[in-house]
Amino acid sequence: MTLEKARSLLEIQAGFGGGYNRNSARLILDEVIREHGQSAADRLIRELHLEEIFGFAPGERP
């Protein structure tokens, strides 16, 4: 998955919020970590404010 695709999907999940969307966002971030590394996932978490929305912390696996 490209980082642009991941960003797009995460924006949708963040827009809805909620438990099911948190799980979907976690799966997307896991894919990003596998393909691009933890630093790419951390950038997305900060950029999309996923810490405030879902409680994901940069540097930790979601």
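Which residues does asparagine 21 touch, not counting residues up to four places away in sequence?

Analyst: In this predicted model, asparagine 21 touches Gln13, Phe16 and Phe54 once residues up to four places away in sequence are set aside. Asparagine 21 itself belongs to helix α2, which covers residues 19-36, and because its relative accessibility is 18%, under the 20% limit, asparagine 21 counts as buried.

Helix α3, made up of residues 38-47, holds aspartate 42, and this residue deserves a careful description. Aspartate 42 is buried but has no salt bridge, since a side-chain nitrogen of Lys or Arg would have to lie within 4 Å of a carboxyl oxygen, whereas the nearest side chain of opposite charge, that of arginine 46, is 4.6 Å away. What the side chain of aspartate 42 does make is a polar contact with the side chain of glutamine 38, at 2.8 Å. Beyond the residues up to four places away in sequence, aspartate 42 also touches Pro58 and Gly59.

Leucine 44 is likewise placed in helix α3, and with a relative accessible area of 2% it is buried. Leaving aside neighbours within four places in sequence, the contacts of leucine 44 are Leu3, Ala6, Arg7, Leu10, Leu29, Val32 and Leu50. For one of these, leucine 10, the C-alpha to C-alpha separation from leucine 44 is 8.5 Å, although the two are 34 residues apart in sequence.

Terms used: Residues numbered from 1 in each chain as written. Predicted model: local features only at pLDDT ≥ 70, side-chain atom pairs only at ≥ 80, totals over all residues. Heavy atoms only, no water. Helix = DSSP H or I, 4+ residues; strand = E, 2+ residues; numbered from the N terminus. Buried < 20%, exposed > 50% of the residue type's maximum accessible area, 1.4 Å probe, protein only. Contact = heavy atoms within 4.5 Å. Lys, Arg positive; Asp, Glu negative; His and termini not counted. Polar contact = N/O pair within 3.5 Å; in protein donor to acceptor, adjacent residues only side chain to side chain.
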